Amino acid sequence: MTEADVVMKTHQFFKSGELANQQISRLYTDAHSTLLENNAFKPFQRFYLDMGGFTLHPDLVGQLSDGETIFAVEAKGDRDMIKGLAQAEMYQTAFAWEPNA
């Protein structure tokens, strides 16, 4: 399975249901060249997570219907599982950041 296949399955799952008992009000797919060719992934948006020395780009970013909860997904195909887990852990840190904390 390729990374684009995983993004497709995950995107379809999010579009057809709920997450944490809430509707997904917004869902964006990374504007990476390997994903732009599939119109089913629209809308596209590139998110930049500056991790101080390097930048990450989640494959999917969404917002739940509560208007506050956001989430990021890193998809990997048959390879790079360790890299994907490390990226997902960094997304957890970046998306949990609270500016007034």
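## Gln23 in strand β2

Gln23 is found in strand β2 of this predicted model. Its relative accessible area is 45%, and Gln23 is therefore classed as partly exposed, since that class lies between 20% and 50%. Leaving aside residues up to four places away in sequence, Gln23 touches Gly17, Glu18, Gln63, Leu64 and Ser65. With one of these, Glu18, there is also a polar contact between side chains, at 3.1 Å.

Gln23 can also be placed relative to Asp66: the two residues are 43 apart in sequence, and their C-alpha atoms are 8.5 Å apart in space.

## The sheet and its pairings

Strand β2 covers residues 22–29 and runs antiparallel to β1, residues 18–19, with 2 bridges joining the two strands. β1 and β2 form a hairpin in which 2 residues lie between the strands. Ala20, in the turn of this hairpin, has a positive phi of about 55°. Across the pair, Leu19 stands opposite Gln22 in β2.

β2 is also joined to β5, residues 60–64, by 5 bridges, and these two strands likewise run antiparallel.

The open sheet as a whole is formed by 4 strands in the order β1-β2-β5-β6, with antiparallel pairing. β1 and β6, the latter spanning 70–73, are at the edges; each has a single partner strand, so one side of each has no neighbour in the sheet.

Arg46 belongs to the loop that lies between α2 (33–36) and β3 (49–50). A relative accessible area of 25% makes Arg46 partly exposed. Not counting residues up to four places away in sequence, the contacts of Arg46 are with Asp30, Ala31, His32 and His57.

Asp30 is linked to Arg46 by a side-chain to side-chain polar contact of 2.8 Å. The C-alpha atoms of Arg46 and Asp30 are 4.9 Å apart, with a sequence separation of 16 residues.

## The largest pocket

Empty space is found by rolling a probe the size of a water molecule over the atoms. The largest pocket holds about 200 Å³ of space. It is lined by 14 residues, of which Glu3, His57, Asp59, Glu74 and Gln87 are the closest to its centre. His57 is also a residue that Arg46 touches.

Three elements, α2, β4 (55–56) and α3 (81–95), each supply at least two residues of this lining. By class, the lining of the largest pocket divides into 7 charged, 5 polar and 2 nonpolar residues.

## The second largest pocket

The second largest pocket has about 160 Å³ of space. Its lining consists of Met1, Thr2 and Glu3, together with Lys76, Gly77, Asp78, Arg79 and Asp80.

Which classes of residue make up the lining of the second largest pocket? There are 5 charged residues, 2 polar residues and 1 nonpolar residue.

Definitions and conventions
Residues are numbered from 1 along each chain as its sequence is written. This is a predicted model: local features need pLDDT of at least 70, side-chain atom pairs count only at pLDDT 80 or more; totals for chains, interfaces and linings use all residues. Side-chain values use heavy atoms; hydrogens and water are left out. Buried means under 20% relative accessible area, exposed over 50%, partly exposed in between (1.4 Å probe, protein chains only). Contact means heavy atoms within 4.5 Å. A polar contact is a pair of N or O atoms within 3.5 Å; within protein, one must be able to donate a hydrogen and the other to accept it, and residues adjacent in sequence count only if both atoms are side-chain atoms. Two strands pair if DSSP finds at least two bridges between them. On a 1 Å grid over the protein atoms alone, a cavity is a set of points where a 1.4 Å probe fits but cannot get out, and a pocket is an open set with protein on both sides within 12 Å along at least five of seven lines; lining residues have an atom within 4 Å of a point. Grid points are joined across faces, edges and corners, and a volume is the space filled by probe spheres set on the points. Ala, Val, Leu, Ile, Met, Phe, Trp, Tyr, Cys and Pro count as nonpolar, Asp, Glu, Lys and Arg as charged, and the others, Gly among them, as polar.
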